[in-house]
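Mentor: The structure is shown below.

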Amino acid sequence: MSAVPDGKKLVRSPSGLRMVPENGAFNSPFSLDEPQWVPDKECQRCMQCDTKFDFIRRKHHCRRCGRCFCDKCCSKKVVLPRMCFVDPVRQCAECSLVSQKETEFYDKQLKVLLGGGTFVVTLDTSEKSETMTCRLSNNHRYMFLDGESHFEVELSRISSMQILTDGTSPGENDIHTYTSLLDSQCISEGGTSRASGMLLHYKPMGSQDAEQLRMEAADDKKVASLWLAAMHKAAKLLYEARDQ
């Protein structure tokens with residue numbers, strides 16, 4: 001599946017121009033669907049300041065949440081890569097803050113994930129560990145691990161993720177945990193130490209049985225720590241996309 005080329009096409013929606021995969025099945029796992037707009041007839045006042053709409057005070061829809069606002073409460077145009085918009089789009093104050101924070105992930109941390117880091121990898125199906133380079137695929141859908149061997153983990157099939165920090169092991173307090181990304185509504189996180197490893201549970205293609213993958217920073221621990229920190233942010237976006 002990871003070898004299938006992902007062509008792009010330009011589409012126009014009521015919210016603006018979007019560059020999306022030709023095959024919707026190959027959307028980035030971080031992407032969000034466009035919201036349904038609140039119908040005009042159901043919105044006579046701004047949903048933020050309660051100003052009544054009239055001939056002068058026009059209504060505007062936030063492209064991220066779909067709610068209805070006056071120009072003052074929905075004046076900012078902010079980039080929204082999670083919905084594949086080509087240009088910055090109009091968003092309410094609350095949504096624009098969220099989108100601006102996500103911009104850092106796309107501008108910085110996503111590049112770190114694509115660049116990769118080196119880890120000592122252990123599968124629960126094997127007692128043997130192997131030094132491998134781990135990176136995110138260009139379409140963001142897979143985690144590639146390359147060493148003497150090669151295998152892939154599809155992000156959508158990750159069921160739980162733990163970012164381990166210095167001096168910790170699974171089960172201790174100082175762990176950043178995203179438990180049951182596929183099913184649970186519960187997220188817990190804690191600790192401020194440098195990330196040193198990651199513990200994944202995922203379901204391989206064609207299987208409903210979860211397998212465990214453990215990764216520990218190899219020689220260049222600084223690069224590995226930055227990669228893990230970026231993966232921690234990616235896990236938040238994955239969870240939000242599934243919870244939409």
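Trainee: Which residue forms a salt bridge with R214, and how do you know?

Mentor: This is a predicted model, in which local features need pLDDT of at least 70 and side-chain atom pairs count only at pLDDT 80 or more, while totals for chains, interfaces and linings use all residues. Residues are numbered from 1 along each chain as its sequence is written, and side-chain values use heavy atoms, with hydrogens and water left out. The partner of R214 is E216, with the closest N and O atoms 3.5 Å apart. A salt bridge requires a side-chain nitrogen of Lys or Arg within 4 Å of a carboxyl oxygen of Asp or Glu, so this pair qualifies.

Trainee: Why is E216 called partly exposed?

Mentor: Buried means under 20% relative accessible area, exposed means over 50%, and partly exposed lies in between (1.4 Å probe, protein chains only). E216 has a relative accessibility of 34%, and therefore counts as partly exposed. Elsewhere, salt bridges that share partners join R64, R82 and E102 into one network.

Trainee: Is R82 buried or exposed, and what does its side chain reach?

Mentor: R82 has a relative accessible area of 0%, so it is buried. Its side chain reaches the backbone oxygen of L237 at 3.0 Å. R82 is found in the loop between β5 and β6; strands are DSSP runs of E with at least two residues, helices are runs of H or I with at least four, and both are numbered from the N terminus.

Trainee: How many salt bridges does a search of the whole structure find?

Mentor: The search finds 8 salt bridges. One of the salt bridges is formed by E34 and R18, whose closest N and O atoms are 3.3 Å apart. This pair links distant parts of the chain, 16 residues apart: E34 is in the loop between β2 and β3, and R18 is in strand β2. E34 counts as partly exposed because its relative accessibility is 24%, whereas R18 counts as buried at 15%.

Trainee: What makes β7 and β8 a pair of strands?

Mentor: Two strands pair if DSSP finds at least two bridges between them. Strand β7 (residues 117-123) and strand β8 (residues 129-136) have 6 bridges, in the antiparallel sense, and T118 has T133 of β8 as its bridge partner. Strand β7 is also joined to β14 (residues 211-217) by 5 antiparallel bridges, where T122 stands opposite R214.

Trainee: Why is V86 called partly exposed, and where does it lie?

Mentor: V86 is partly exposed because its relative accessible area is 44%. V86 lies in the loop between β5 (76-78) and β6 (89-91).

Trainee: Which helix holds K236, and why is K236 called partly exposed?

Mentor: K236 lies in helix α2 (residues 221-243). K236 counts as partly exposed because its relative accessibility is 27%. The C-alpha atoms of K236 and F30 are separated by 9.2 Å, although the two residues are 206 residues apart along the chain.

Note on methods
A polar contact is a pair of N or O atoms within 3.5 Å; within protein, one must be able to donate a hydrogen and the other to accept it, and residues adjacent in sequence count only if both atoms are side-chain atoms.
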